[in-house]
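These are my notebook entries on one protein model, kept in the order in which I looked things up.

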Amino acid sequence: MDPLDAFYQQLDSENLLKTHGPSLVDEAREVLGANSMAKVAGLITTPDSPEAAGVREMLARSTGQRPPPGLMVGLIPRPAIERLLVKQFGTGPWQEPSWQTQQVLPILVSTRDGHRFGLIGIGNASGGTSEM
């Protein structure tokens, strides 16, 4: 892969995370406010992502409705991506003890060139940790 391509992949993912991360954090706070034991993750999927068709099918099965074409942004149950999180980060920065309220929102950003993760502290919408 051309190093320049890798640079733009990283930049695309970071821009999507910066644009949609704050609204995903707000949505996660609402969900966790209603159910403190819930575990959620953010998902940002571009229409040209290799995973887009599978994500659309998963959403259609879980909601009973076909998602509109284009960029998909929303919350999913965190267990759906925990295997990828462990592979990427181990259990350190994102996984709290089972008795503790979720503190970090992992966000999977899936683009045409693969996927990257962002980790955003739920306690602080404008800051928190962010890793890609």
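Predicted model: local features only at pLDDT ≥ 70, side-chain atom pairs only at ≥ 80, totals over all residues.

Entry 1, a charged pair. I first looked up Glu57, which is partly exposed, with a relative accessible area of 34%; buried here means under 20% relative accessible area, exposed over 50% and partly exposed in between, with a 1.4 Å probe and protein chains only. Glu57 forms a salt bridge with Arg66, and their closest N and O atoms are 2.7 Å apart, where a salt bridge is a side-chain nitrogen of Lys or Arg within 4 Å of a carboxyl oxygen of Asp or Glu. Arg66 itself is exposed, at a relative accessible area of 56%.

Residues are numbered from 1 along each chain as its sequence is written, and side-chain values use heavy atoms, with hydrogens and water left out.

Entry 3, the other salt bridges. By this rule I count six salt bridges. One of them joins the side chains of Asp26 and Arg29 at 3.6 Å, N to O; the two residues are three apart in helix 1, which separates them by about one helical turn. Asp26 is partly exposed at 39% relative accessibility, and Arg29 is likewise partly exposed at 30%. Another salt bridge joins Asp113 and Arg112, again at 3.6 Å, N to O, with Asp113 at 32% relative accessibility and Arg112 at 47%. I also found that Lys39, Arg78, Glu82 and Glu96 are joined into one network by salt bridges that share partners.

Which residues of helix 2 are buried? I find Ala52, Val55, Arg56 and Ala60 buried there, and, seen down the axis, the buried residues fall within an arc of 135° (taken from the directions from the helix axis to the C-beta atoms), so they line one face of the helix. On the other side of helix 2, Arg61 and Ser62 are exposed. The cover over the buried residues includes strand 1 and strand 2 (72-77). As a check on geometry, the twelve residues of helix 2 (residues 52-63) should span 16 Å, and the end C-alpha atoms are 16 Å apart, which agrees; the expected span is 1.5 Å times one less than the number of residues. Just after helix 2, Gly64 takes a positive phi of about 80°.

I count three helices and four strands, taken as DSSP runs numbered from the N terminus (helices H or I, at least four residues; strands E, at least two). From the N terminus on, the elements run α-β-α-β-α-β-β. Buried residues make up 39% of the 132 residues in the protein.

Technical notes
Contact = heavy atoms within 4.5 Å.
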